[in-house]
Amino acid sequence: MITVENLQKEYKLVKRDPGLKGAVKSLFHRQYETKKAVKGVDFTIGQGETVGYIGANGAGKSTTIKMLTGILTPSAGKVTVNGLVPYENRQENALSIGAVFGQRTQLFWDIPVRESFNLLKHIYEIPDQEFAETVSMFTEVLNLEPLLGVPVRQLSLGQKMRCELAAAFLHRPKVVYLDEPTIGLDIAVKVRIRKFIKEMNKIWGTTVLLTTHDMQDIEEICDRIIIIDEGRILYDGGLEEIKVQFGQKRVIHFDLPELDSPFILPAPLLGMAEVLPASEGETKVSLSFDHERVKSSFVISEMMNRYDIQDLTIADPKIESIVEELYNRREQGGTYEQVLANS
Amino acid sequence: MRRYAKLYWEFAKNQMKVMMEYRIDFIIGVLSVMLEQFASIFFIKVVFNHIEQINGWSFYEILFIYGIAATGRSIHHIFFDNLWTLGWQYIRPGQLDRLLIRPINPLFHIVADRLHQDGFGQLIIGLIILGTAIPQLDLAWGAVEIALLVVMIISSGMIFVAVNLFFATFSFWMIDSLPVVWAVFNLSDFARYPLTIYHKGIRTFLTWIIPYGFTAFYPAAYFIDKSGFRELALWTPAVALVCCVIAYSFWNRGLRSFASTGS
Ligand SMILES: Nc1ncnc2c1ncn2[C@@H]1O[C@H](COP(=O)(O)OP(=O)(O)OP(=O)(O)O)[C@@H](O)[C@H]1O
Ligand SMILES: [Mg+2]
């Protein structure tokens with residue numbers, strides 16, 4: 001139902017020398033710089049799928065979502081959603097989609113939540129009966145009752161986000177795009193929101209495309225993940241598959257306060273474990289290894305023989321550490337093909 | 001069309017509720033606009049205490065022009081005031097994105113987002129001025145004249161709207177075109193006096209470039225025989241229509257540009 005072919009977007013930025021002089025110069029002689037945010041992305045998403053779209057900051061997630069919703073026109077490539085091209089039939093497409101954009105509100109600022117919903121009812125021409133049912137269901141699942149009479153501007157972030165979610169699903173859209181719906185929320189609200197999204201997907205078969213930096217969201221909501229990095233797809237597949245494919249990789253973080261010379265891998269581990277780039281100072285070292293070939297205990301004991309270890313943590317084979325490892329490898333300078341090949 | 005009328009009503013109901021919630025603001029807003037208008041009229045009155053006519057126009061004739069301008073402007077002020085805020089309230093903070101994923105016309109959405117209380121003061125003043133001036137003019141008023149006056153006033157309002165929309169649209173390419181919109185809007189003050197008192201260049205400018213002349217002077221001139229502008233005055237609705245078409249096309253261009261640059 002969503003097909004994306006060779007989707008690309010480049011932003012044109014005005015290049016400007018610093019200072020007032022630069023500003024004046026750019027008035028007369030504009031120089032443009034292009035920034036490729038999305039560099040040829042392909043995927044298809046079927047009705048009812050729940051897809052996590054993840055990647056580092058600036059990877060191009062929001063840009064992709066803006067093209068899928070029709071807000072932005074691609075520089076090249078094609079998108080169809082339910083047979084419509086969103087950026088060509090924006091208003092028609094809008095009828096069957098819902099969206100939440102991180103910190104930006106979709107609701108009407110000055111008026112109470114109840115009235116906001118009511119306006120949306122008219123905007124989307126939702127039949128009375130259906131609207132009443134939906135609102136009462138959402139009120140229960142998201143615990144909106146105490147919020148309905150309050151103007152949106154007086155709500156806390158978590159309260160607002162619950163209302164946002166309700167607004168996005170109010171007209172029972174076929175697809176919902178959620179761009180960082182859990183950003184800045186406490187754990188209780190996150191749990192409620194995840195539950196709500198799962199439930200909507202189950203009862204209405206709503207297709208969900210979700211971006212987030214919280215891997216717990218992905219674990220709980222999504223069946224499939226697409227990892228994007230610097231505008232290209234790094235991985236596209238089931239959540240379970242990625243765990244099987246990458247999950248035998250274990251990462252152990254060692255804290256070596258006495259380390260004064262550059263870290264050298266103990267000889268017995270050569271060729272079996274790999275040193276990941278240090279994140280905090282030089283005294284931390286992370287080793288990645290295939291736990292089907294090497295036992296964790298072996299790695300730890302070899303390290304203990306050679307170094308004075310203050311502390312260590314074994315990363316779970318969770319999506320979090322898999323993604324972290326993919327990012328780390330990427331930072332080491334591999335191209336994305338190499339990253340995949342190495343894994 | 002009917003759908004949009006109904007939708008507008010739904011938006012307006014909420015606006016009115018908010019207005020009533022802030023009753024004090026409502027009253028102060030209305031009163032301050034009225035006061036401002038009274039001050040300008042008082043100024044004209046003072047001038048006319050010393051002279052009989054300006055360029056052949058009597059006090060009540062000038063008041064009549066003034067009344068049309070005020071009423072026309074109030075249409076713009078009440079219903080289309082949000083156009084002022086296009087840059088800083090919608091485009092810069094990314095609020096326009098929100099409107100673009102709704103199944104309705106985004107311009108309609110922006111306009112319907114606000115019903116401006118202060119405009120009611122303008123409307124009241126405009127009607128009072130018209131009510132004062134008209135009986136003093138040596139005119140025969142029938143149904144046709146009244147209908148025509150209403151058409152002229154609506155056209156006047158739409159010219160204000162079109163000019164503001166046109167210049168507000170520059171916000172798609174600038175940080176915020178508000179200063180430009182403001183500067184242009186202030187030109188309309190000239191058009192509240194008989195254009196014949198100005199240099200020919202200014203007159204041409206206010207007739208054919210930024211047609212504020214059609215917001216008050218020409219429509220009034222239609223009802224005043226000696227003016228010599230009766231025929232030109234009849235073009236007022238056509239001018240309003242052309243202005244709206246141009247401004248709306250320009251707005252659509254702005255939207256397209258937004259869709260390709262994202263800012
Ligand atoms: N309107 C814009 N004009 C110019 N460049 C932009 C614009 N929006 C985004 N970019 C650039 O495009 C790239 C991708 O941005 P995008 O917002 O899609 O990233 P993202 O994956 O959503 O990141 P995050 O996780 O931080 O939200 C970034 O390098 C960003 O600087
Ligand atoms: Mg983003």
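Why are Trp182(B) and Phe185(B) separated by about one helical turn? They are three residues apart in helix 9 (residues 178-187) of chain B, and this is why. Helices here are DSSP runs of H or I with at least four residues, strands are runs of E with at least two, and both are numbered from the N terminus.

This is a predicted model, in which local features need pLDDT of at least 70 and side-chain atom pairs count only at pLDDT 80 or more, while totals for chains, interfaces and linings use all residues. Residues are numbered from 1 along each chain as its sequence is written, chains are lettered from A and ligands numbered from 1 in the order in which they are written, and side-chain values use heavy atoms, without hydrogens and water.

**Aromatic pairs**

Over all chains, a search of the whole structure finds 39 aromatic pairs. Rings of Phe, Tyr and Trp (its six-membered ring) pair if their centres lie within 6.5 Å; planes under 30 degrees apart count as stacked, over 60 as edge-to-face and the rest as tilted.

| Pair | Centre to centre | Angle between planes | Type |
|---|---|---|---|
| Tyr8(B) and Phe108(B) | 6.3 Å | 70° | edge-to-face |
| Trp182(B) and Phe185(B) | 6.3 Å | 20° | stacked |

The pair of Tyr8(B), in helix 1 (residues 2-21), and Phe108(B), in helix 6 (residues 106-112), links distant parts of chain B, 100 residues apart. Tyr8(B) is buried, with a relative accessible area of 18%, and Phe108(B) is buried at 16%. Buried means under 20% relative accessible area, exposed over 50%, and partly exposed in between (1.4 Å probe, protein chains only).

**Ligand 1**

Ligand 1 lies between chains A and B. Of the 16 residues around ligand 1, Gly58(A), Lys61(A), Ser62(A), Thr63(A) and His213(A) come nearest; a residue is near if one of its heavy atoms lies within 4 Å. Helix 2 of chain A gives the largest share of this shell, three residues.

A polar side-chain atom of Asn57(A) lies 2.9 Å from an oxygen atom of ligand 1. A polar backbone atom of Gly58(A) is 2.8 Å from an oxygen atom of ligand 1. Both distances can be set against the cut-off for a polar contact, a pair of N or O atoms within 3.5 Å. Taken alone, ligand 1 exposes 640 Å², and the protein buries 72% of that; accessible areas come from the Shrake-Rupley method with a 1.4 Å probe.

Conventions
Polar contact = N/O pair within 3.5 Å; in protein donor to acceptor, adjacent residues only side chain to side chain.
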